[in-house]
Amino acid sequence: MENLVIKAALVLLLATAILRVHLRGRVRHSLRHQVFDHSSVAAPLNVLMYAFSSVPETPFLPVSAFPDLKYLQSHWQEIRDEGARLLQAQEIRAAQHNDDAGFNSFFKYGWKRFYLKWYGESHPSAETLCPRTTALLRNLPSVKAAMFAWLPDGGKLNPHRDPYAGSLRYHLGLITPNDDRCYIEVDGVRYSWRDGEGVVFDETYIHRAENHSGKGRLILFCDIERPMRYRWASAVNRWVGLHIVAAASSPNHDGDHLGLISRLFRYADWVGEQRKRFKRWNPRIYRATRVALILTVAGLFFLI
């Protein structure tokens, strides 16, 4: 009986956390979508991040509230020049071996990236090809991850939430169309990139991006550590970043670090393709099988 009460309490905690994430902002997934969304896995931890965050719970935040970003922005032309060389050399590209767990779904619409750092040290390829940018980033401990990100004309990112609330997102315009037809929309509010200008937003609000400007867009894309009100909350956030989020590290070249999550994703991606084939073969049987598996897992949880 005691075990049953504990399990019921855990289910209630998880359901409450998922609902808290679901109700953030004006734009939402359907509740059914949210329950199965990857952001729900981290929902209990994200509730903790929101509760002890020292910045307002709004989709966009002022860049001026983050002093490190002023330093980056003042060197934007040097960063742009290294990004332009990478672009010309076709180094900014999709993952070569289905091993980018964090951003794999973006590649199908033309989005590409080159990692500079990911919750730890820089990749060797970044140190070699982007020495100036990696040197700038090394002086900024609040910047946990950084990459060059390319969105071609006609490219898009579908509406999504990022899974973990321990960071905020910073975009610095490098080579942009300077056109309102190339934009990101966060919780229904649009921002259009401009060369040399930055924007900070909370990526756990639903956001999407589109480019119909006739030109491609290159930005510096960074994860900034979410400021917390208490040292212990900051310590929890850093531990999660270094021991869990870091495991999603994906390489630019062979020899760069490949995290455990991204390593496993190579196989998960194959399983996902088989699931899609099964769904196309018979959607009705697929749905019935999915419900049966969910009920089985739930039943086993309460039996163990």
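**View 1. The six-stranded sheet.** In this predicted model, an open sheet of 6 strands has the order β1-β8-β5-β10-β3-β2, and its pairing is antiparallel; strands are DSSP runs (E, at least two residues), numbered, like the helices (H or I, at least four residues), from the N terminus. Two strands are taken to pair if DSSP finds at least two bridges between them. The edge strands, each pairing on one side only, are β1 (60–61) and β2. Residues are numbered from 1 along each chain as its sequence is written, and side-chain values use heavy atoms, with hydrogens and water left out. Local features need pLDDT of at least 70 and side-chain atom pairs count only at pLDDT 80 or more, whereas totals for chains, interfaces and linings use all residues.

View 2. Helix α4 (residues 67–74) lies across β5 (167–175), β8 and β10, and runs at about 15° to β5. Helix α5 (residues 76–88) lies across β2, β3, β5 and β10, and runs at about 75° to β5. Angles run from 0 to 180 degrees between N-to-C directions, with axes fitted as lines to C-alpha atoms, for helices over the stretch in contact.

**View 3. The four-stranded sheet.** An open sheet of 4 strands, also with antiparallel pairing, has the order β4-β9-β6-β7. Its edge strands are β4 (156–160) and β7 (189–192), each of which pairs on one side only, and the twist from one strand to the next averages 20°. The antiparallel strands β6 and β7 are joined by 4 bridges, and E185 has R190, in β7, as its bridge partner.

**View 4. The crossing of α3 and α8.** The axes of helix α3 (residues 43–51) and helix α8 (residues 231–243) come within 10 Å and cross at roughly 140°. The contact (heavy atoms within 4.5 Å) is made by L45, L48 and M49 of α3 and by W232, A233, V236, N237 and V240 of α8. By class, this contact has 7 nonpolar residues, 1 polar residue and no charged residues; Ala, Val, Leu, Ile, Met, Phe, Trp, Tyr, Cys and Pro count as nonpolar, Asp, Glu, Lys and Arg as charged, and the others, Gly among them, as polar.

**View 5. A43 in helix α3.** A43 is found in helix α3 and is buried, with a relative accessible area of 0%; buried means under 20% relative accessible area, exposed over 50%, and partly exposed in between (1.4 Å probe, protein chains only). Leaving aside its neighbours within four places in sequence, A43 is in contact with A17, I18 and V21.

**View 6. The largest nonpolar core and the contacts of W118.** The largest nonpolar core has 38 residues, and those with the most contacts inside it are F103, W111, W118, M147, I184 and W193; such a core is a set of buried Ala, Val, Leu, Ile, Met, Phe, Trp, Tyr and Cys residues joined through side-chain atoms within 4.5 Å. Among the elements that each supply at least two residues of this core are α1 (2–22), β2 (112–118), β6 (182–186) and α8, while β3 gives the most, with 4 residues. W118 touches F103, K144, A145, M147, D223, V245, A246, A248 and S249, not counting residues up to four places away in sequence.
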